[in-house]
Amino acid sequence: MSRTEWHEHDWQLIHTEAQSPAMHMALDEVLTNEVSAGRRRPTLRVWEWADPAVVIGRFQSLRNEVDSAAATGHGIQVVRRISGGGAMFIEPGNTITYSICGPLSLVEGLSFQQSYELMDRWVIEALGELGVAASYQPLNDITSPAGKIAGAAQARKGNAVLHHVTMAYDIDTNKMLEVLRIGREKLSDKGTASAAKRVDPLRSQTGLPRGDVIQRMISTFRCNHGLRDDHLTPDELGQAMQLANDKFQTPEWTAVVP
């Protein structure tokens with residue numbers, strides 16, 4: 001297989017109503033499988049969140065990452081995704097999340113670092129158009145001089161690559177530190193006041209509403225690579241609902257690494 005370019009593919013946009021955290025996990029798996037099988041064209045999916053969540057990586061230890069009692073107390077659901085990477089703290093109005101389900105040929109022959117950089121290039125350009133001096137920071141961060149903006153995760157399944165990014169539009173740092181253990185450990189020798197410096201949200205950097213930032217991202221992708229509006233099919237939704245119920249909402253999956 002030789003590597004292909006973005007413009008060689010017919011990209012579809014899915015940006016629909018808010019979904020539960022478990023449904024988002026399931027949709028990533030379903031759409032990646034559908035692209036791999038050739039039943040769906042390569043897709044950019046912009047997420048809307050129905051509920052606050054902590055999303056942990058496929059290989060992370062649940063108890064090492066999350067204070068489950070604090071999460072429950074704040075009404076925050078904990079879910080595990082199918083890709084690697086670190087824990088993400090999600091609040092619906094404060095978070096911008098998207099995933100790209102593309103053909104494996106897009107990253108053929110590339111190292112993980114090269115593929116992350118390739119897949120993030122368009123959004124770094126979009127942020128630049130908004131006045132944010134964003135850059136790729138290996139392995140899986142998007143950062144700026146003011147602090148970290150986003151974290152990415154990736155998985156390769158069959159003939160497809162899944163790449164998703166969670167960006168901080170705004171953030172409740174104190175709540176994040178109550179729920180995520182890893183944040184406390186990283187900051188224990190510096191004091192929690194430095195947490196706000198580690199993550200610098202797009203709201204403070206752009207002064208724009210969340211929806212305007214998303215629209216700029218979509219328009220940049222469309223301009224660079226082509227993008228047609230699409231929707232989830234009844235079959236895709238049905239598959240995802242079953243997968244959310246049978247897998248992503250279950251304690252067995254969430255605690256598969258205790």
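1. Two strands pair if DSSP finds at least two bridges between them. Helices (H or I, at least four residues) and strands (E, at least two) are DSSP runs, numbered from the N terminus. By that rule, S6 and strand S10 (residues 160–168) pair in the antiparallel sense over nine bridges. Tyr98 has Val165 as its bridge partner in S10.

2. This is a predicted model, in which local features need pLDDT of at least 70, side-chain atom pairs count only at pLDDT 80 or more, and totals for chains, interfaces and linings use all residues. Residues are numbered from 1 along each chain as its sequence is written, and side-chain values use heavy atoms, with hydrogens and water left out.

3. S6 also pairs with strand S2 (residues 43–47), in the antiparallel sense, over five bridges. Leu44 has Ile100 of S6 as its bridge partner.

4. Is strand S6 buried or exposed? Nine of the nine residues of S6 (residues 95–103) are buried, so the strand is largely enclosed by the rest of the structure. Buried means under 20% relative accessible area, exposed over 50%, partly exposed in between (1.4 Å probe, protein chains only).

5. The whole structure holds seven aromatic pairs. Rings of Phe, Tyr and Trp (its six-membered ring) pair if their centres lie within 6.5 Å; planes under 30 degrees apart count as stacked, over 60 as edge-to-face and the rest as tilted. The ring centres of Trp122 and Phe221 are 5.0 Å apart and the planes are at 85°, so this pair is edge-to-face. The pair links distant parts of the chain: Trp122 in helix H4 (residues 112–129) and Phe221 in helix H9 (residues 210–225), 99 residues apart. Both Trp122 and Phe221 are buried.

6. One aromatic cluster is formed by Trp6, Trp11, Tyr98, Trp122 and Phe221.
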